Amino acid sequence: MNLLLTVLTLSLLGVLLAVILYFVAQKFKVEEDPRIDEVEKMLPGANCGGCGFAGCRAMSEALVKNDNIDALYCPVAGGDVMKSIAGYLGKSAADKAPMVATMLCGGTCQKRPKINHYDGALSCAVVNTFYIGETGCAFGCIGYGDCVQACKFGAMALNPETGLVEIDPDKCTACGACVKTCPKGLIELRKKWPKNRAIYVACRSKNRGSVVMKVCKAGCIGCGKCAKACPFGAITIDSYLAYINPDKCKLCRKCVNECPTGAINIKNMERLPKEPAAPKAEAPAVAKSETAK
Amino acid sequence: MRTFPIGGIHPHDNKEWSKDKAIEVLELPDEAKLPMVQHIGSPATPIVQKGDKVLTGQVIGQSTGFVSANIHSPISGTVTNVDMFPNGQGQRRMMVVIKREGDEWLETIDRTPDHKRECTLEPKEIIAKIKDAGIVGLGGAQFPTHVKLTIPDGQKAEVVVINGVECEPYLTSDYRTMLERAEMVLTGTEIVMRAVGVKRAVIGVENNKPDAIKHLREVIARDGYHGIEVMPLKMRYPQGGEKQLIAAVTGREVPPPPALPISVGAVVCNVSTCVAIYEAVQKNKPLIERVVTVTGKHLNSTHNYLARFGTPASRFFELAGIPEGDVKLLNGGPMMGRSVVDITAPLIKGCSGLTVITGAEAARGKELSCIKCAKCVSVCPMGLEPYLLSKLAKMQKWDMAEEHNTVDCIECGCCSYTCPSNLPLLDYIRIGKQTVSTIVRARAAANNKK
């Protein structure tokens with residue numbers, strides 16, 4: 001008898017609460033665009049914050065609400081997914097070339113020797129509050145891997161041999177977390193070429209050439225030879241530092257052999273063969289950079 | 001005996017290495033590099049060019065704005081360069097390089113050795129003279145003194161507190177100044193009292209310096225310095241912190257920033273700053289030299305030098321004789337000093353000592369896990385929670401760090417010193433403090449625009 005009473009009471013209570021809940025749900029129903037859910041499913045769901053929003057949900061809300069979505073871009077998903085989202089929403093997406101994070105310092109342990117010993121907290125941000133770092137260069141990679149910690153995609157790793165951070169372009173989604181983290185501002189999002197080809201000046205030192213030469217054998221000294229050699233006007237020199245504009249660069253590689261310090265790095269490409277017609281004065285410079293490697 | 005109410009530590013003071021060394025006048029440097037930033041605030045602008053002849057005491061860097069300070073030539077000679085050179089931390093800063101030729105001074109400077117006590121100038125004139133002389137806080141903070149002595153409208157100074165605490169281990173420059181230049185310190189104090197319009201001044205000295213306390217009291221009684229009192233304080237680090245000193249001497253607590261010591265009626269000056277004020281006001285001599293301690297357990301000799309600014313750090317280390325092997329060179333003492341990585345860097349206004357430490361003393365211990373012992377909380381003189389602030393900075397939770405008052409941190413390093421797990425607490429708190437201050441300033445600027 002007791003058992004029956006318990007079952008009856010609980011069932012009645014359940015039915016009653018269900019009815020109340022039904023009416024409450026009707027009354028306080030939140031109207032939400034069903035497209036937000038759909039767009040969220042299309043996004044990669046990494047919640048990395050690379051788009052500038054708190055997560056993929058916030059991004060999809062913004063995509064649905066804003067009429068003009070040119071400024072919104074998910075670097076992880078890339079242009080194709082953005083286009084399909086725009087197609088689904090009946091909007092137009094801006095064309096954006098895929099990007100890849102690039103570390104602009106070539107000062108390896110061999111080329112940029114350490115001049116002091118640091119034993120504090122192992123964090124680039126901490127080192128940066130104290131002084132310029134263990135080498136003589138105030139602009140180079142500190143090498144304690146704050147960016148490696150910041151990368152949510154496992155695309156970065158510290159190479160103990162060179163003491164520098166290396167980026168795997170296949171894993172990099174160009175979310176920009178490392179760019180924000182680096183206290184020296186060494187990481188740049190650059191255009192991603194097919195087959196992960198790349199060409200860039202691996203130096204950010206704004207010091208005069210004589211100062212750079214004293215502290216690092218791989219630094220840009222701002223001599224301007226590369227800018228003269230570039231047929232497309234892609235290279236500019238500012239504060240003793242060359243910069244290759246990836247939008248203008250056509251990967252012709254003419255600048256690489258000109259560089260006396262080997263500061264211009266190329267990835268997944270062969271160097272141009274030494275031109276026989278090149279003036280003799282340049283030949284030893286090239287040979288020097290090769291032996292230094 | 002009085003001291004500040006909360007926190008603090010008791011490191012070995014290590015003053016015995018240099019405290020009996022009388023102040024020696026260091027020979028003039030052959031070349032002086034003068035950074036244009038030797039103070040808190042906007043950098044000075046170099047007003048000399050390559051090839052210009054300058055005299056000792058001539059202005060070479062003009063202050064830009066109210067919170068800024070003039071830079072004067074410490075030697076006479078020719079300007080050989082105006083360019084970026086590395087400072088002690090290796091960062092490149094704008095510096096004026098002067099090559100010495102002879103020793104010619106500006107004619108307005110009174111170089112007679114006799115003591116001049118009489119001061120009949122108006123407060124405004126005194127402050128103007130201090131501003132022209134480029135005087136900044138010589139205790140280490142390098143805050144422009146004329147800003148400190150300019151009392152904001154609606155506030156009133158009640159007491160002048162003179163900082164003769166020198167709580168930092170190893171350093172003895174203030175101690176030697178109090179012993180050998182007591183008259184200058186006391187006249188400087190009188191001038192500060194006159195400038196801010198108060199009748200009472202207290203010189204706080206820690207009880208590990210009984211000679212200084214005795215000597216100052218004797219001079220006060222002998223020469224009749226009315227209204228100046230010497231207060232012995234119980235030895236405890238960081239008593240030399242402005243807020244800690246005010247709490248120890250007056251028993252009043254300075255509210256959190258942006259409130260200044262003047263909000264509790266106190267004006268604080270270091271003893272070396274008092275000497276500089278005396279020389280500027282009575283002798284028209286700008287700030288071109290200071291007493292600097294060169295010390296360390298393993299040095300061949302320790303010294304207290306009266307040296308001109310711009311003298312390279314390497315000169316001091318040469319004279320003291322650095323031991324072989326790896327050493328840690330500090331600009332300042334072991335608690336708050338900063339490591340020097342470039343010994344060509346010049347002596348600047350805020351450097352009260354160069355300390356050399358070696359071996360195990362210089363190395364940090366192995367970092368272990370936090371055991372939640374709360375020692376850092378009990379030693380924090382500002383009543384903060386260092387373990388939490390450091391963690392919040394590590395996790396980049398700036399809003400929570402702000403809630404927990406990370407900007408109140410005075411960077412004294414008690415937390416890192418006391419941590420049994422050797423955690424680099426202050427290193428992370430410093431990042432948190434800098435970031436949160438930037439955020440707060442940006443917010444204030446945005447609100448002002450509205």
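**Exercise 1. The loop at A:S239**

Task: Find which loop of chain A holds A:S239, and work out whether this residue is buried or exposed.

Solution, step by step:
- In this predicted model, A:S239 sits in the loop that links β6 and β7 of chain A.
- The two flanking strands, β6 (residues 235-238) and β7 (residues 241-244) of chain A, pair in the antiparallel sense over 4 bridges. Within that pairing, A:I235 stands opposite A:I244 of β7(A).
- The hairpin of β6(A) and β7(A) has 2 residues between its strands. A:S239 has a positive phi of about 45 degrees, although it is not a glycine.
- A:S239 has 9 C-beta neighbours inside 10 Å, so it counts as exposed.

**Exercise 2. The overall form of chain A**

Task: Decide whether chain A is spread out or compact, using its radius of gyration and the globule rule.

Solution, step by step:
- Begin with the inventory: chain A has 11 helices and 8 strands.
- For 293 residues the globule rule gives 19 Å, and the radius of gyration of chain A is 27 Å, well over that value, so chain A is more spread out than a compact globule.
- Now look at the box: along the principal axes, the C-alpha atoms of chain A fill roughly 105 × 50 × 30 Å.
- Two further numbers complete the picture. Buried residues make up 36% of the 293 residues in chain A. Among contacts in chain A with a separation of 6 or more, 57% are between residues 24 or more positions apart.

**Exercise 3. An open sheet in chain B**

Task: Give the strand order of the open sheet of 4 strands in chain B, and say which strands stand at its edges.

Solution, step by step:
- The order is β11-β10-β9-β12 (chain B), with parallel pairing.
- β11 (228-233) and β12 (266-270) of chain B each have a single partner strand, so they stand at the edges, with one side of each left without a neighbour in the sheet.
- Neighbouring strands of this sheet are turned against each other by 25 degrees on average, direction ignored.
- Zoom in on one pair: β9 (residues 159-163) of chain B and β12(B) pair in the parallel sense over 5 bridges. Here B:V161 is opposite B:V268 of β12(B).

**Exercise 4. Where the chains touch**

Task: How many residues does each chain bring to the contact, and which element gives the largest share on the side of chain B?

Solution, step by step:
- Chain B contributes 16 residues and chain A contributes 12 residues.
- On the side of chain B that touches chain A, β16 (338-339) and α14 (425-449) of chain B each supply at least two residues. The largest share, 5 residues, comes from α14(B).
- By type, the residues on this side of chain B divide into 5 nonpolar, 5 polar and 6 charged.
- To finish, check the confidence: the predictor gives the complex an ipTM of 0.86 and a pTM of 0.85. For chain B the mean pLDDT is 92, and 100% of its residues reach 70 or more.

Terms used
Residues numbered from 1 in each chain as written. Chains lettered and ligands numbered in written order. Predicted model: local features only at pLDDT ≥ 70, side-chain atom pairs only at ≥ 80, totals over all residues. Contact = placed C-beta atoms within 7 Å. Nonpolar A, V, L, I, M, F, W, Y, C, P; charged D, E, K, R; others polar. Pairing = 2+ DSSP bridges. Axes fitted to C-alpha atoms, helices over the stretch in contact; angles between N-to-C directions. Rg over C-alpha atoms; globule rule 2.2 N^0.38 Å. Buried ≥ 20, exposed ≤ 12 C-beta atoms within 10 Å, placed from the backbone. pLDDT = per-residue confidence, 0-100.
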